[in-house]
Amino acid sequence: MKRLKQKLWKPYIILPMLTLFFLAGFIGSYVFPNTVLDTFVINMEEEEDDTEVLLPLSLQEPIVYELNTNGLPMRGIQVGINKRGYAQETTNLVYCVYLGEECISRNVYGVAAGDDLQYVYLPFENYEACVGDIKITFLVESSEDPETYPALMANHADISHGKTIASNRPEGEETTQVALKCNHIYTHNTYPFLYDCRLLTFVFLAASMAVAYPQRSRKEENHAEPS
Amino acid sequence: MQNHPNRKWKNVLYYAIVLIVAVTVAFLVECLIFQFPAIRYKQNPIHLKTDGSDQMVQVLVEDELAELTAEEIRSIEVERDNNRILAEYNGEEYVEPEDETLVEKDGTMYRKVKKTTISVELLNPCYIHKLDLRAPVEESAGYSVVVSKGGKEINSDIYCTIEAKTDAGIANVSEYADAMEIVILSEEEIAPEDIRLTILNTFRPNAMRIAFMILLLLMAAILVIEKTALHDKQEWIFAVVCFMMGSLLICGIGTNQVSYDEYVHAKAAYKLSFGTRLEFTESALQMSGNLLPLFNNPEERALVEAYENVNNDFSWADIGSQSRFVRSETRVYYPMAVGFWIGRNLQMGFAETVALAKFGNLLFYILIVFFAIRLAVRYKNIVALIGLLPNNVFLAAALSYDPLVISFLLLGMVLIINEILEPERKLTWQNTLLILLSFAIGCQSKPIYVVMALLMLFYGKNKFENRAQMWIFKVAVLVVAGLMVYNIFFPTPTAGSDYHLVSNITYAGDKRNVGTSVMGQIEYIFGNPGVYTVLLLRSMGGMLGRYLFGGTGFFQYGYLGAAPMIATYVVILVALWLVLFAAKGEKRRGIGIPYILLILLMIFGTSAIVWTSMYVSYTTVGADEIRGVQGRYFIPMFLPFAVCFLNSKFESRLEQHNRSRIVFGVMTLLNMIMIYSMVITKMNV
C-alpha cells in the first residue's frame with residue numbers, strides 16, 4: 001500500500017489523474033444536472049385598498065384557475081388554504097390539471113396537516129404534460145359538515161398571468177372579480193460544478209504537460225546509466 | 001550563530017521600550033492637547049429646555065421648500081425606471097406614483113419640509129464641544145448650527161443629521177460661544193417639547209486617536225529597527241504594516257458603509273456564512289439594504305451600535321433558504337463569510353461581527369500579497385508598493401471582493417513576469433498551476449481581467465520541454481480565458497426564483513442606472529463603430545489626464561474622499577525610481593522590447609474592455625459618456641506597466657534596506673495621513 005502510494009504520488013501521475021477527474025466532473029455536470037424549483041410570485045400581496053377574500057371549497061363546484069405556462073412544464077402551484085378554525089381531519093383537497101377537457105394530473109392533499117392558514121406547495125403528478133393553456137380545478141373530498149370546508153385565499157387584484165373562476169363566493173362578493181393568491185412553481189436545471197470542472201480540466205491539463213514526459217524519460221535514462 | 005538569540009532579545013527589548021514610549025506619548029498627547037478644552041473649561045452638561053419654559057431658548061416652526069440634490073433626483077428616477085421594467089416584465093401597466101411631498105418649481109425639484117429654528121442665548125459663554133440633539137423623527141432630519149460670541153458669528157459651518165433610528169444627532173462644535181441658532185429641516189413637524197438639547201464638554205480620552213498614535217510610532221520604530229527584514233523579508237514588513245493600518249480602518253469605520261457598493265458585498269458574504277437556511281436579523285437586513293444608521297463621532301457610534309445589537313436578535317430573524325450549491329462567482333466572499341460565521345457562533349455584537357468579516361478579508365489579502373512579494377524576483381519593493389496603495393488597503397479593510405481580485409492578479413502577474421525575466425528557465429508544473437489558479441480565482445468575479453493572462457501565449461519555446469507541452473499549455477491558457485469570457489455572456493444556470501429574469505438577456509443591464517440594456521448597447525456600438533471608438537479613446541484619455549493633471553486624486557478611501565494630487569505624484573516618482581534604478585549591488589535585467597510592446601498592448605486592450613463593459617452594462621443606451629469607470633479598476637495593470645521600466649543600466653546608491661525604508665515609509669505615511677484625516681477626524685472625534 002505504502003509503495004503504491006509512493007508510486008502514485010508523483011506529479012506525472014497525480015496531475016493527469018486530476019485532469020481526468022475534472023474532465024469527468026465536466027461531463028458529469030451535463031449528464032447529472034441539479035434540478036431546482038422556481039417560484040414565480042403571481043399574486044401574494046394586496047394593494048393598499050384591497051382586502052383578502054375566502055373562496056369556500058365544495059364537493060361539486062370547483063374553483064377553477066386558468067393560466068398559460070409560456071411553454072414551460074409547470075411543476076406545481078402554491079396556494080393559501082384556510083381551515084377556518086376547523087381540524088378538517090377527513091378533508092382532502094383534490095386538485096386536477098386539465099389540458100383542454102382532459103385531466104392530465106389528478107392530485108390529493110390532506111388538509112389536516114399544517115396550520116390553520118397555510119400556503120402550501122401543491123406538486124403536479126405527470127408535470128411534464130402540464131404545458132401551455134392549462135386549467136387547475138380545486139375541490140374537496142370530505143365527510144365533514146359542508147359549512148366547515150376549508151377555503152382558498154384570494155383577493156381582488158387585477159393579474160394578467162392567471163384567471164380565477166369561482167362560483168362559491170362569500171356574501172357580497174358575487175359581482176367582484178377575484179384572483180387566487182398563488183405562486184406558480186416551475187423548475188430548471190443547474191450545473192453547480194460545471195464552471196469549476198471545465199476550467200480546472202484545462203488548468204490541470206496545462207500543469208500535466210509541464211511535467212514533461214520526455215524530460216522524465218531522459219532523467220530515468222540518466223539514472224540508469226551508472227548502474 | 002551564538003549572537004542570534006542575543007539579537008532576538010535585543011529586538012524584543014527595543015520593541016518593549018518603543019511600546020512603553022508610544023503608549024506614554026499617545027496618552028500624554030491625547031490628555032494634554034486634545035482634551036485641553038475639557039480641562040481648561042471644565043463644566044457639567046448643560047441641558048436646554050425647548051418647551052418654552054426656558055427664557056434662553058426660542059423655538060419657531062414654519063414651512064419650507066428644500067431643494068433636492070442631483071443624487072436624490074437620480075435615485076428617484078432609477079427607482080421609477082426599475083419599477084417600470086418590473087411592471088413590463090410582469091405584463092402590467094406601469095403607473096407612475098404621485099409623491100405629494102415633491103414640488104417642481106422653475107425646473108428644479110423641491111421637497112416640502114418643516115423648518116424648526118431654535119435660538120439659544122446663553123447667560124455666560126461656555127465651551128461647546130458637542131451639541132447633543134435628540135428628537136423623535138420618522139425620517140432622518142438634517143440640522144445646521146451657527147454659533148456666535150458677543151453678537152458675532154464665529155462658525156456657521158456645522159451640519160449634522162438626526163438619525164431616525166436613534167432619534168439623535170450629535171454635532172461636533174468645538175467653539176467657545178455665548179449664542180447659537182439651530183435650524184432643523186424635517187419631513188414631519190417636531191413638537192418643541194419633544195426636543196432635547198444638551199451642550200457637552202466632558203473629559204473623554206479618544207481610544208481611536210490613542211490607538212492611531214501608538215501604531216504610528218510602532219510603525220516608525222519597525223522601519224528604523226528592522227534592517228534585516230527590510231533587506232530580504234519585505235513581505236513580513238508589508239504584512240505587519242498592512243495589518244496595523246487595516247485594523248485602524250476596520251475599527252475606525254465600524255459599521256458605516258463607506259466603501260463601493262458595500263451593502264451588496266455585505267449581503268452576499270452574510271448569506272454565504274449560512275448553509276441552506278438563512279437567518280437575517282433586522283440589523284443584517286438593514287446592512288444588506290444600505291439602511292444602517294451612520295455615525296460621525298464616538299457618542300453617535302455608541303448609540304448606533306446599541307441599536308444594531310438590539311436589532312440583531314435571531315429569535316425574530318427573517319428566515320429564508322438558499323441553494324446548497326454556491327455560485328462560482330460568489331466564492332470570492334468566503335474570507336468575509338468566515339468572519340460572519342465566527343461572530344455569529346460566538347454570539348458577538350453586530351459591529352464586532354462585521355469587524356470580524358472585514359478582518360477575514362484583510363488577512364486573506366495580506367496572505368496573498370505576502371506570497372506575491374516573496375515570489376517576486378528583484379522587484380519586491382514595487383509589489384509591496386502596489387500592495388500598500390491606499391485604495392487597496394482601504395478595500396482590504398472593507399466588505400468587498402476587490403482585495404481578492406487584486407491580490408490574486410498581483411500574484412499571477414508576479415509569476416508571469418518572473419518567467420519572462422528568466423526566458424531560459426523551464427516552466428515547472430508548480431508555477432503553471434499557480435499562475436493559472438491565480439487567474440482562475442482572481443478573475444472569478446471579474447472575468448475580463450483574464451485577458452492579462454494571454455501574455456503567456458507569447459512565452460518562447462525555450463520555456464518548454466518540447467513542442468507538445470508548449471502547444472497544449474498555450475491552448476489551455478486560451479481555453480481557460482475563453483471559458484471565463486464565455487461565462488460573462490452565458491452564465492451557468494443557477495438556482496433562484498429570479499432565474500428567468502436574470503438569465504433573460506433582454507433585461508440584462510445594471511439596474512442602478514436608468515435606460516441600461518446590454519443588448520441595446522451592443523447593437524448601438526456595432527451600429528456606430530466609429531462614434532464609439534472616438535468615445536472610448538476620449539474617455540480613456542480623459543480619465544488618465546484627470547488623474548495625472550486634472551486635479552482628481554487617485555488614492556481614494558471609498559466615499560470618504562481622496563488624497564491630494566501631490567500624493568499621486570510622490571508615489572509615481574517613488575515607483576519610477578524603484579523600477580528604473582536597481583538597489584546598490586543588485587543585478588537586474590529588463591524584459592526586452594518585444595515584451596514591453598506586448599504588455600503595453602495588453603494594458604491598452606484590457607483597459608478598453610473594462611471601459612466597454614461599463615458602457616454596455618452600466619451606461620444608458622447611446623449615451624455620449626461612459627459611466628461608472630473608476631481608477632481602481634486599473635490597479636491590476638500597474639505591475640505589468642511598472643516592469644516595462646526594469647533595466648540593467650541604472651543602479652541606485654542606496655542599499656536594499658534603505659530603499660525599502662523609503663517605500664514603506666512613504667506608503668505608510670500616506671495611508672496614515674488619510675486614515676487620520678478621513679477616518680479618525682470624520683468619524684471618531
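Of the 685 residues of chain B, 37% count as buried (20 or more other C-beta atoms, placed from the backbone, within 10 Å of a residue's own; exposed means 12 or fewer, partly exposed in between). This is a predicted model: local features need pLDDT of at least 70 and side-chain atom pairs pLDDT 80 or more, while totals for chains, interfaces and linings use all residues. Residues are numbered from 1 along each chain as its sequence is written, with chains lettered from A and ligands numbered from 1 in the order in which they are written.

**View 1. Chain B as a whole.** Chain B holds 23 helices and ten strands (DSSP runs numbered from the N terminus: helices are H or I with at least four residues, strands E with at least two). Its C-alpha trace spans about 95 × 75 × 50 Å along the principal axes.

**View 2. Where chain A meets chain B.** The contact takes 29 residues from chain A and 32 residues from chain B (in contact: C-beta atoms, placed from the backbone, within 7 Å). H3(A) gives the largest share of chain A's side, twelve residues. By class, that side has 18 nonpolar, eight polar and three charged residues (nonpolar: Ala, Val, Leu, Ile, Met, Phe, Trp, Tyr, Cys and Pro; charged: Asp, Glu, Lys and Arg; polar: the others, Gly among them).

**View 3. The largest nonpolar core.** This core has 152 residues (a set of buried Ala, Val, Leu, Ile, Met, Phe, Trp, Tyr and Cys residues joined through C-beta atoms within 7 Å). Ala206(A), Ala269(B), Val383(B) and Leu410(B) have the most contacts inside it. Helix H11 (residues 350-375) of chain B gives the largest share, 16 residues. Ala206(A) touches residues of chain B, including Thr432(B), Leu436(B) and Phe473(B).

**View 4. Helix H4 of chain B.** Helix H4 (residues 207-225) has 19 residues. From first C-alpha to last, H4(B) reaches 27 Å, close to the 27 Å expected at 1.5 Å a residue (1.5 Å times one less than the number of residues). Its buried residues include Arg209(B), Phe212(B), Met219(B) and Leu223(B).

**View 5. Around Gly343(B).** Gly343(B) sits in helix H10 (residues 334-345) of chain B. Is Gly343(B) buried or exposed? Gly343(B) is buried, because 23 other C-beta atoms lie within 10 Å. Leaving out residues up to four places away in sequence, Gly343(B) touches Met348(B), Glu352(B), Thr353(B) and Leu356(B). Ala357(B) is 14 residues from Gly343(B) in sequence and 8.1 Å away in space, C-alpha to C-alpha.

Notes: Contact = placed C-beta atoms within 7 Å.
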